[in-house]
Amino acid sequence: MSEIREFIRRLPKAELHLHLEGAILPATLVELSTRHDAVPLTLADAEALYRFTDFTGFLMAFKAVTQRLITPEDYELASWRMMQRLAEQGVVHAEVYISVGVIYHWRDHQPESFDPIFAALERARLRGERELGLTLYWIFDAVRHFSVEEGAQVFRKAAQMRAAHPSIIGIGLGGDERRTGSEPYRALYAEAREAGLRLTNHAGETTGPEAIWEALTIGTERIGHAVSAVQDEILLRELQTHGIALELNPTSNVRTGVCDRFATHPLRAYFDRGLLVTLNSDDPAFFGSDVENEYVLAHSEQGFTREELRRLAANSIQASFLPDSAKAAWLARVEATV
Ligand code: ADE
Ligand code: ZN
């Protein structure tokens with residue numbers, strides 16, 4: 001293994017933009033299929049589900065994989081495998097999107113149907129914490145292009161469960177920004193904030209900077225992707241002044257066709273301006289990268305030095321929703337890494 005990869009692995013890192021369903025590798029899907037299907041998927045069948053050529057195709061592939069998660073035990077296995085991969089990369093804390101909106105939309109709209117799935121997610125989380133030393137928070141993700149009523153169901157479920165389950169840290173909006181922005185969700189974001197949930201939002205991935213402004217005006221604390229912020233000087237200043245954290249996912253953006261190459265991704269421009277940028281993998285099983293590899297590519301494609309990689313790791317801790325005491329402890333470990 002290269003020296004730089006070893007250094008990256010040793011750096012304590014938080015992954016802040018990771019979809020559980022997007023972390024399921026084809027081999028795990030085969031394993032799930034052997035539990036459920038009379039004629040199980042072959043590896044080639046499973047791999048075919050992950051093929052796409054553009055953003056719309058990616059969303060369809062994501063849906064196809066998510067629909068193969070059937071029982072609570074499926075979710076438990078997927079979560080455990082994801083945590084194993086994270087621990088191998090030196091990730092010490094992750095904030096993971098669960099597509100609760102997809103579960104309700106394609107199955108039934110009974111709020112309680114998610115309860116046994118969540119119990120399974122928690123079993124995996126606690127086991128990972130015990131056996132791998134990795135902490136995890138959950139972010140309930142709604143699909144913006146379904147309906148606001150469906151979004152309400154997801155966010156209210158998070159709000160109701162939060163008191164008993166503090167691992168539910170926040171909410172998010174994924175899906176197709178070209179079809180629905182953030183404005184329709186203004187009242188729901190205010191309600192979620194009242195309930196103590198932290199507010200994240202995919203914005204400026206397939207849309208222009210106006211989508212990021214819109215996300216900010218509804219109270220979004222952390223922006224996923226934010227690729228198009230680079231087009232708007234005033235927005236860049238706003239992001240910097242207010243220390244808004246950006247969850248960047250460069251390989252995801254290259255693979256869905258919203259960015260040419262890793263080398264030209266605005267990661268470098270944002271970092272040099274002092275924005276609070278973090279590096280993440282989004283859907284590692286779909287994009288053929290993971291967070292460790294994103295750091296390696298930041299080094300090889302954009303010339304990030306060791307000290308700059310250390311800054312990215314520190315940013316990931318800083319931008320997390322961990323309590324200040326945990327942040328301080330991890331930041332000291334980041335600074336001490338040689
Ligand atoms: N769901 C999973 N990954 C996503 C992405 N990159 N954009 C929008 N929705 C998603
Ligand atoms: Zn995402």
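A residue is called buried when its relative accessible area is under 20%, exposed when over 50%, and partly exposed in between (1.4 Å probe, protein chains only). This is a predicted model, in which local features need pLDDT of at least 70 and side-chain atom pairs count only at pLDDT 80 or more, while totals for chains, interfaces and linings use all residues. Residues are numbered from 1 along each chain as its sequence is written, and side-chain values use heavy atoms, with hydrogens and water left out.

A salt bridge is taken as a side-chain nitrogen of Lys or Arg within 4 Å of a carboxyl oxygen of Asp or Glu, and by this rule the model has 25 salt bridges. Three of these pairs are set out below.

| Pair | N to O distance |
|---|---|
| R35 and D74 | 3.0 Å |
| E191 and R156 | 2.7 Å |
| E308 and R268 | 3.0 Å |

Helices are DSSP runs (H or I, at least four residues), numbered from the N terminus. D74 is buried, at 0% relative accessibility, whereas R35 is partly exposed, at 41%.

E191, in helix α9 (residues 186-194), and R156, in helix α8 (residues 148-162), tie together parts 35 residues apart in sequence. E191 is partly exposed at 36% relative accessibility, and R156 is also partly exposed, at 38%.

The salt bridge between E308 and R268 links helix α16 (residues 306-318) with helix α13 (residues 267-272), the two residues being 40 residues apart. R268 is buried, with a relative accessible area of 19%. Elsewhere, R5, R9 and E292 are joined into one network by salt bridges that share partners.

Conventions: Chains lettered and ligands numbered in written order.
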